[in-house]
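Dear colleague,

Please find below the structure that I am handing over to you. My findings follow it.

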Amino acid sequence: AGQFYQHAPTETSQATLASVSPVFAVMKFDKEGNTTYFEKKKTELYQELGLQARDLRFQHVMSIATRNNRIIMRMEFLKAVITPEFLLILDYRNLSLEHWLLNELASQLAGEGQLVTYSLPFEFRAIEAILQYWISKLQGRLNTLQPQILETLEALVDPKLLSVDRSKLHILLQNGKSLSELETDVKVFKETILEILDEEEVIEELCLSKWTDPQVFEESTSGIDHAEEMELLLENYYRQAEDLLNEARELRVLIDDSESIIFINLDSHRNVMMRLNLQLTMGTFSVSLFGLIGVAFGMNLESSLEEDPRIFWLVTGIMFLGSGLIWRRLLSFLGRHLDPPLPPHVPAVLKKPQPAAGKVEMKTSLKGETFGLSRTTLTNQ
């Protein structure tokens with residue numbers, strides 16, 4: 001009975017762990033592009049692959065690692081295990097991912113696509129297919145965001161608008177947030193590849209067939225260095241990610257510059273309204289100042305002036321004429337102090353000769369190319 005009490009809980013716990021162990025939905029591709037589907041528990045899968053349990057946890061958002069002559073790749077929701085003979089895609093039940101797996105990946109692995117590594121071992125084709133899919137997905141996200149952002153900015157950056165449409169600002173805010181997420185994803189992708197490029201030993205380990213296939217090993221010793229081919233492959237997608245990140249940064253700079261233009265337009269309209277308000281205030285002051293004469297004649301006091309029939313027109317004329325003169329003087333004073341001063345006169349001796357008309361090169365900023373505005377136009381405004 002004592003032995004039964006000691007072993008029963010252990011057997012029960014093992015049965016429980018086996019029953020609740022995660023099950024992977026696996027899609028398997030071989031060298032010819034043939035596809036098979038099956039479900040397998042995690043414990044059985046890593047034992048068949050000769051891996052450890054921690055290797056299939058996929059803790060990182062994006063990673064490329066080698067374990068026991070196996071390549072383990074994680075591109076967010078894309079989980080893959082590459083061997084010299086086949087490729088396993090784990091948890092493939094995703095709409096966009098399933099479309100790519102069924103329509104493109106099989107032909108690429110069989111060497112029928114446009115991959116440049118079709119003459120190299122199987123793991124080269126598998127790695128390039130996954131990297132190509134991910135970089136095209138990032139490029140697609142940028143191609144979707146770019147026209148939306150440009151259209152929104154074109155609607156906002158209009159000097160004729162006296163106010164800003166809040167709905168457009170809300171759309172721009174959402175697109176800016178999506179652009180920031182895209183920049184983060186591209187940076188993580190770049191850093192993942194850069195970590196491999198900095199380690200020559202990891203690049204050597206990625207060449208799986210070099211250590212398992214004698215023919216590939218002979219080719220590598222006879223002049224075809226597969227490690228260099230792998231490095232060139234990774235550098236190619238690193239440069240593509242760099243170009244993609246530069247485009248996203250240019251779009252971010254365009255958003256920041258457009259915000260400055262929006263603020264300049266709003267400040268300009270605000271200054272016009274403030275100046276109009278100040279002019280009306282000056283006019284009210286002028287009319288009130290000379291209106292004191294009418295107030296004096298409107299008092300219930302008698303004098304000899306009200307008996308003259310011409311005094312009414314005389315006093316009214318003085319009031320309007322004096323108010324107009326005072327208002328004119330105040331406006332000229334306002335113009336002298338608010339208008340920018342003229343540039344100082346430059347003597348002809350100090351002036352630099354102008355270049356020939358054929359050698360003048362007009363450079364416009366990114367904002368000018370997008371909205372038809374140049375730096376000179378913005379400065380004049």
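Met273 lies in helix H9, which runs over residues 226-297. Please bear in mind that the model is predicted. Met273 has a relative accessibility of 54%, and because exposed means over 50%, this residue counts as exposed.

The record places a "coiled-coil region" at residues 227-261. In the model, this stretch is 100% helix and 0% strand, and its end C-alpha atoms are 51 Å apart.

The record also gives the annotation "transmembrane region" to residues 280-299 and 311-327. For residues 311-327, the model shows 100% helix and 0% strand, with 24 Å between the end C-alpha atoms.

The largest pocket has a volume of about 420 Å³. Its lining consists of 18 residues, of which His60, Ser63, Ile64, Ala65 and Arg67 are the closest to the centre. Which elements give two or more residues to this lining? They are strand E3 (62-67), strand E4 (70-75) and helix H5 (166-197).

Yours sincerely,
A colleague

Key. Residues numbered from 1 in each chain as written. Predicted model: local features only at pLDDT ≥ 70, side-chain atom pairs only at ≥ 80, totals over all residues. Heavy atoms only, no water. Helix = DSSP H or I, 4+ residues; strand = E, 2+ residues; numbered from the N terminus. Buried < 20%, exposed > 50% of the residue type's maximum accessible area, 1.4 Å probe, protein only. UniProt positions renumbered as here; feature names shortened; annotations may be inferred. 1 Å grid on protein atoms, 1.4 Å probe; cavity = no way out; pocket = protein on both sides within 12 Å on 5 of 7 lines; lining within 4 Å. Points joined across faces, edges and corners; volume = space filled by probe spheres on them.
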